[in-house]
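Please look at the sequence and the structure before reading on.

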Amino acid sequence: MSATADIQQLNRDLADKLVEEAKQYPSSPYAGKKVGIANGKVVVVSENWRDVARQLEKMEPDSARTFCIDISADYTTVQEIWEVS
């Protein structure tokens, strides 16, 4: 595996852990937030995506080494988009 692939897996594993933590503990600081992860570490927690994107770009300019997740989203279901307005 390449170094970038290793980082991407590390980021995904951390994101999964944060989602599980928020499910178990609704008082988690990540519950209901958007989280930006870079190089296997949480670097930003915010209410909106704009803040997450700005901070991630400052912390890690290589987007392949970053990961964003909405902790409150249900990633176990399929969401269909029928129209973009």
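**Terms and basis of the model**

A residue is called buried when its relative accessible area is under 20%, exposed when that area is over 50%, and partly exposed in between (1.4 Å probe, protein chains only).

The model is predicted: local features need a pLDDT of at least 70 and side-chain atom pairs count only at pLDDT 80 or more, while totals for chains, interfaces and linings use all residues. Residues are numbered from 1 along each chain as its sequence is written, and side-chain values use heavy atoms, with hydrogens and water left out.

**Confidence**

The predictor's confidence in each residue is given as pLDDT, from 0 to 100. The protein chain averages 94, and 99% of its residues score at least 70. Helices (H or I, at least four residues) and strands (E, at least two) are DSSP runs, numbered from the N terminus.

**An asparagine with positive phi**

Asparagine 39 is located in the loop between S1 and strand S2 (41-46). Its phi is near 55°, a positive value in a residue other than glycine. Most residues other than glycine have a negative phi. With 25% relative accessibility, asparagine 39 counts as partly exposed.

**Salt bridges**

A salt bridge is a side-chain nitrogen of Lys or Arg within 4 Å of a carboxyl oxygen of Asp or Glu. The whole structure contains four salt bridges. One of them joins lysine 23 to glutamate 20, with the closest N and O atoms 3.6 Å apart. These two residues are three residues apart in helix H1, so about one helical turn separates them. Lysine 23 is exposed, at 56% relative accessibility, whereas glutamate 20 is partly exposed, at 43%.

Another salt bridge links glutamate 47 and lysine 33, whose closest N and O atoms are 2.5 Å apart. Glutamate 47 lies in the loop between S2 and helix H2 (49-59) and lysine 33 in the loop between H1 and S1, so the pair ties together parts that are 14 residues apart in sequence. Glutamate 47 is exposed, at 54% relative accessibility, and lysine 33 is partly exposed, at 23%.

Lysine 34 and aspartate 70 also form a salt bridge (3.5 Å, N to O). Because lysine 34 lies in strand S1 and aspartate 70 in strand S3, this pair ties together parts that are 36 residues apart in sequence. Both residues, lysine 34 and aspartate 70, are buried.
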